[in-house]
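Let's take a walk through this structure together, starting with its charged pairs and ending with a pair of packed helices. Keep the 3D view open as you read.

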Amino acid sequence: MTTPGPSPVLPRTGVLPRGVLAGYALGSLVTGAFGTVPGLLLLPYLTDTLGVAAGVAGLLVLLPKAWDVLVNPVAGRISDRSGSRRPFLLVAGLLLAALFTAIFAAPFGGSTASGAYVAAAFLAAATAYAFFQVPYVAMPAELTDGYEERTRLMTWRVAVLALAILISGALAPLVVDLTGGGREGHRWSGAFVGAIIVVGTLAVFFGTRKAPFRTAAESEPSLRAQLRVASGNRPFRALLICFVVQAAGIGTMLAGVQYFADHVLFQSSGATFLFAAFVGPALLVMPLWTAVGHRWGKLRSLIASSLLFAAGALLLLAAPALPPVVVYLIVAVIGAGYAGQQVFAMSMLPDCIAYDTERTGRRQAGVFTGLWTAGETLGLALGPGIFAAMLQIFGYVSSATGEAASQNDTARLGVLLGFTVVPAVLVGAALVLLRGYQERIKA
């Protein structure tokens, strides 16, 4: 027997102004850039520019992000106790921009010292990101209590998120190439992404200054009590675990983009084209996914989009025998599935929060979103670790020249499997976890 999920029959509110929708959505320039670029560039930066062994590089990418699993719930509790979440966005966002630029500064010469520096800078940036992301993700449940309006808000957010991923993910590798590659190219790329984060921070802070916030009158007395309530919410728990596993699959594919372009497609600037193929069509299918969700419901739509992602990833197993244009078309299908996953998972989260607030009368959105973002961070951090493990197992050779070393057939097979089968299995298998989440649709 499953526990019914949040009811979509909630008090209706007025339509959110477009300025608030746009202002909130532009915060995804921050989350999209930080969620994308480290997973895309950091692992190959360590292995192919700083000369760090693949297994060690995977740990250096994983551990700082795993630290956020501890920090995010704390950030949620602190933001719940504050009068407003917006100041967190401004301070943490600007600090994150500076720290992100520092990650790719690499002032030391040796691989050991450089690797340690990157890990320390990444740890500091991940901490700042926690204090931006948690309040940001908590805001939709307080901006509106309308079921359909939250889907509309999330559609705007995911559209900007897709644009942020396109801009940062596609252009960051291109900036590396255009500015000479190696250490110097990565410094310019880090500064470029830092500027994107500044723009997103200022946009969300000023864009939501006139937003009508709705908060419950009472907050849980302790973090332990709030965590107990969140863990006892079976629909939230099922959705969270599924999202974490799927995030690990997405993170694995993201970590493999540069390797897939270099060692399977053998195309210069292939990472840029892969990202354009992945994200560009996703912007076009947002209205379609909104219509699908309205007709099928969020849960079934999440399942459909996840299966689309997994099927596309498996099709890429044939990539070595396919023309590049066909590979990019398949990647576009995967991107369409990814867009649906993001829309429906993130619009189901505020439903869980609003359901809990309606039931308890307490303001604890920060705790739910703290756990959510901690889980997402863990999943996305596990992705590069999983891909790095695949590289290590299949004998990938690192390089300190700024250019990827030539790899044998076994290493290239590891790249292919890590980019296709592993993400497909993680995203598809996670769907069985949704048995604990069931929407109750009332007439």
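A search of the whole structure, which is a predicted model, turns up three salt bridges.

Start in helix α8, which covers residues 182-207 and holds both R187 and E184. The side chains of these two residues meet in a salt bridge, with a distance of 3.2 Å from N to O. R187 and E184 sit three residues apart, about one turn of the helix. How accessible is R187? R187 has a relative accessible area of 30%, and because that value falls between 20% and 50%, R187 counts as partly exposed.

Now turn to K298 and D351, whose closest N and O atoms are 2.7 Å apart in a salt bridge. Here K298 belongs to helix α13 (residues 298-315) and D351 to helix α14 (residues 324-360), so this pair ties together parts that are 53 residues apart in sequence. Are these two residues buried or exposed? K298 has a relative accessibility of 3%, so K298 counts as buried, and D351 is buried too, with a relative accessible area of 1%.

The remaining stop among the salt bridges is D409 with R412, where the closest N and O atoms are 2.1 Å apart. Both residues lie in helix α16 (residues 409-419), and because they are three residues apart there, about one helical turn separates them. D409 is exposed, with a relative accessible area of 58%, while R412, at 24% relative accessibility, counts as partly exposed.

Let's go back to helix α8 and look at how it packs. Two packed helices are described by the angle between their axes and by the distance between those axes. For helix α4 (residues 86-103) and α8, the axes come within 8 Å and cross at roughly 175°. Since an angle over 145 degrees counts as roughly antiparallel, α4 is roughly antiparallel to α8. On the α4 side, the contact is made by residues including L89, L90, L94, L96 and F100. On the α8 side, the residues taking part include V193, I197, V198, L202 and F205.

Note on methods: Residues are numbered from 1 along each chain as its sequence is written. This is a predicted model: local features need pLDDT of at least 70, side-chain atom pairs count only at pLDDT 80 or more; totals for chains, interfaces and linings use all residues. Side-chain values use heavy atoms; hydrogens and water are left out. A salt bridge is a side-chain nitrogen of Lys or Arg within 4 Å of a carboxyl oxygen of Asp or Glu. Helices (H or I, at least four residues) and strands (E, at least two) are DSSP runs, numbered from the N terminus. Buried means under 20% relative accessible area, exposed over 50%, partly exposed in between (1.4 Å probe, protein chains only). Axes are lines fitted to C-alpha atoms, for helices over the stretch in contact, and angles run from 0 to 180 degrees between N-to-C directions. Angles under 35 degrees count as roughly parallel, over 145 as roughly antiparallel, 65 to 115 as roughly perpendicular and the rest as oblique. Contact means heavy atoms within 4.5 Å.
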